[in-house]
Every structure is written in C-alpha cells, then in structure tokens.
Amino acid sequence: MSVTYADVEAAAGRIDGIAHRTPVLTSRTADARTGATLFFKAEPLQRAGAFKFRGACNAIAALSAEQRRRGVLAFSSGNHAQAIAYAGALQGVPTVIVMPHDAPAIKVAATRGYGAEIVTYDRYKEDREAVSRRLAEERGLSMIPPYDHPDVIAGQGTAVKELIEEVGPLDVLLVCLGGGGLLAGSCLAARALSPEVEIWGVEPEAGNDGQQSLAKGEVVRIPVPVSIADGALTTHLGQHTFPIIRREAAGIVTATDAQLVSAMRFFVERMKLVVEPTGCLAAAAAFEGAVPVKGKRVGVILSGGNVDPAALGRHLAA
C-alpha cells in the first residue's frame with residue numbers, strides 16, 4: 001500500500017481534537033546564528049511528549065472494532081511506546097509494548113503509567129520485530145510498528161501539514177530521521193503544500209543507515225548504533241518509508257552527539273524548551289551548517305522532549 005498526501009489529510013481528520021496542534025516557535029538568536037529564518041515545530045509539547053503520538057493515534061483510530069477490542073502491540077525504545085500506550089488509553093484500546101531492557105527509565109515509567117503492559121528484550125541479542133511478531137500472533141494483537149506502517153506515516157505527516165499551513169511556503173525543511181516515518185510523512189505533506197521546498201533528513205552520525213541507503217539506492221542495514229539519540233537507533237529504513245524518502249528528499253546529513261548536546265543547551269538556555277537528543281537532530285543540522293540555510297525560510301521539526309532529567313543534567317554539564 002502506497003501512502004499519499006490524501007492519507008495525511010485523512011489522518012489530520014482522525015486525530016483532530018485528540019492530538020495537540022503544537023506551536024511553531026521562533027528565535028532571533030537562532031536566526032542570527034544561522035542567517036536564516038527558522039520556524040521550529042515544537043513536538044516536545046505534543047501529547048506523550050513527541051510527534052509519535054500523531055502516528056499512533058491515527059493507526060489506532062483506523063482499526064476495526066474487532067481489532068480495537070483485541071488490542072494492539074508495538075515495539076519501541078520509548079516515544080512510540082508512550083504514544084501507543086497513551087493513544088490506546090484515550091481510545092479504550094488495550095496495549096502491549098515490547099521495549100529494550102535498557103530503555104530510558106523515564107520512558108518506561110511513562111509507558112507503564114499510561115496503562116500499557118511492558119515486555120522487555122535485549123536489543124543487542126534479540127530481534128525486536130521477531131519477538132513482537134511472535135507475541136502478537138500468540139495473543140491475536142494488531143501490531144503497529146514505530147515507523148514502517150502506512151497509517152503511522154500518514155499521522156506523522158500532520159506535523160508538517162500544520163507547520164506549513166501556519167507559516168506558509170518554506171525553502172528548506174529539516175526533519176529528524178530514525179526509521180523514516182516522520183521524514184516520509186513530512187515529505188508527503190511538504191511536497192503537496194510547498195512544492196519547491198528542499199527536504200533533508202538528519203540522523204545520528206553513528207547510525208547513518210539512511211544516508212548509506214540513499215547513496216546505494218537500496219535499504220542498507222547496519223548494526224545497532226551507539227548514540228545519545230536513543231529515539232533514532234534504528235538499523236534500517238522501512239519498505240514503506242524508503243521509497244518516499246528516496247523520491248522526495250534532497251538528501252540526508254548527520255549530527256554528532258556533541259552537536260546534539262550543544263543544540264539541547266541552546267533550547268534550554270535561550271528558548272526555555274526541553275528537547276531530547278533525538279529531537280535536536282534537525283536543529284543541529286541548521287546550527288552546524290550541515291545543510292545550507294542562509295537567507296532561507298526553514299522549517300525545523302523538534303521531534304520530542306522525553307529526556308530523563310538526570311541525563312539532561314549530565315548532558316548540559318558536560
């Protein structure tokens with residue numbers, strides 16, 4: 001099933017009144033630093049603290065009554081987990097979440113707090129998709145993966161739909177990249193609403209499978225990367241996300257952990273906003289010049305704000 005902008009529009013209708021329409025923030029300091037006009041889409045202020053709520057909410061809302069009764073299963077290191085758990089709670093759908101044993105404690109606690117059952121696995125020894133498929137089959141649950149799902153992609157695209165509707169056409173759009181759900185959905189919305197925009201994905205330097213995939217023209221799989229960007233520690237793009245990204249994105253660049261920490265510090269100090277390391281990927285590309293933005297109108301997706309306070313303190317003190 002191919003995903004289109006019509007699906008993004010349908011998703012916007014489904015999640016209206018459930019997901020927040022998050023604010024678009026600006027900063028004179030950021031503009032001066034980059035020589036551009038930056039528009040930050042503040043998804044840390046989304047329900048469950050990240051853009052993931054959009055896709056989760058849409059995917060659950062699109063299920064049949066019987067599927068909703070049986071419940072859903074998701075696998076995630078944190079943000080998708082929280083999003084599915086919260087969206088399920090709001091819509092009366094039972095949820096089971098498969099999470100790595102070393103997922104951030106704040107994300108595990110929030111996921112459990114939303115009412116989900118948590119099943120853990122070892123991300124370095126076990127295949128989370130295999131673990132999840134087996135459990136879903138045993139219990140008759142509908143599996144909603146974190147990025148490679150048409151309804152998830154369409155839901156994530158609503159963030160950029162809102163951004164462009166609010167600020168108008170953009171010259172450049174910078175989007176955080178893990179498995180590609182947000183970037184693929186953003187590509188669909190941006191190309192429909194601002195046809196001339198250059199769309200760039202930004203992934204951790206230690207996990208540049210997307211960059212390698214674009215260069216090779218096919219999905220490249222890598223070992224589990226090690227980075228503070230825990231929401232983007234994916235090993236490959238998806239069968240639904242890659243074709244969209246390959247067709248629409250101008251390219252993919254990377255950001256180092258040190259650059260992510262610098263961006264986190266900027267948002268806390270200058271904009272009074274907590275953004276998790278993964279959520280800083282797109283901003284880091286603008287701040288560090290990985291993508292030329294001088295003199296341009298630039299959309300920047302801040303994808304989430306779910307960082308453990310202790311970890312935030314360590315990062316900022318570094």
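The sulfur of C176 lies 7.9 Å from the closest cysteine sulfur, which belongs to C280, and this is too far for a bond, since a disulfide is taken here as a pair of cysteine sulfur atoms within 2.5 Å. By this rule the count comes to zero disulfides. The model is a predicted one, in which local features need pLDDT of at least 70 and side-chain atom pairs count only at pLDDT 80 or more, while totals for chains, interfaces and linings use all residues. Residues are numbered from 1 along each chain as its sequence is written, and side-chain values use heavy atoms, with hydrogens and water left out.

**Cysteines and a buried threonine**

Burial is judged by relative accessible area, found with a 1.4 Å probe on protein chains only: under 20% is buried, over 50% is exposed, and values in between are partly exposed.

| Residue | Relative accessible area |
|---|---|
| C57 | 0% |
| T111 | 0% |
| C176 | 6% |
| C280 | 0% |

C280 is found in the loop between α13 (257-271) and α14 (281-287), where helices (H or I, at least four residues) and strands (E, at least two) are DSSP runs numbered from the N terminus. Leaving aside neighbours within four places in sequence, C280 is in contact (heavy atoms within 4.5 Å) with L260, A263, M264, F267 and V275. From C280 to R297 there are 17 residues in sequence and 18 Å in space, C-alpha to C-alpha.

T111 belongs to helix α6. Not counting residues up to four places away in sequence, T111 touches G78, A81, Q82, A85, I97, M99, A116 and I118. Of helix α5, A81, Q82 and A85 are among the buried residues.

Helix α5 covers residues 79-91, and at 1.5 Å a residue its 13 residues should span 18 Å, which agrees with the 18 Å between its end C-alpha atoms; the expected span is 1.5 Å times one less than the number of residues. The helix is mostly covered, with eleven of its 13 residues buried. Those buried residues pack against α3 (52-61), α4 (65-70), β3 (72-75), β4 (95-100) and α6 (105-113). After α5 comes G92, whose phi is positive, near 70°.

Helix α9 (residues 158-167) is likewise mostly covered, since eight of its ten residues are buried, including T158, L163 and V167. G168, which follows α9, has a positive phi near 90°.

The largest pocket has a volume of about 640 Å³. Its lining has 37 residues, of which R128, Y147, L233, T234 and T235 lie nearest its centre. The elements that give two or more residues to this lining are α5, α7 (128-139) and α10 (181-193). By class, the lining of the largest pocket has eleven nonpolar, 16 polar and ten charged residues.

The second largest pocket has a volume of about 270 Å³. Fourteen residues line the second largest pocket, and F75, E129, P145, D148 and Q239 are those nearest its centre.

Notes:
On a 1 Å grid over the protein atoms alone, a cavity is a set of points where a 1.4 Å probe fits but cannot get out, and a pocket is an open set with protein on both sides within 12 Å along at least five of seven lines; lining residues have an atom within 4 Å of a point. Grid points are joined across faces, edges and corners, and a volume is the space filled by probe spheres set on the points. Ala, Val, Leu, Ile, Met, Phe, Trp, Tyr, Cys and Pro count as nonpolar, Asp, Glu, Lys and Arg as charged, and the others, Gly among them, as polar.
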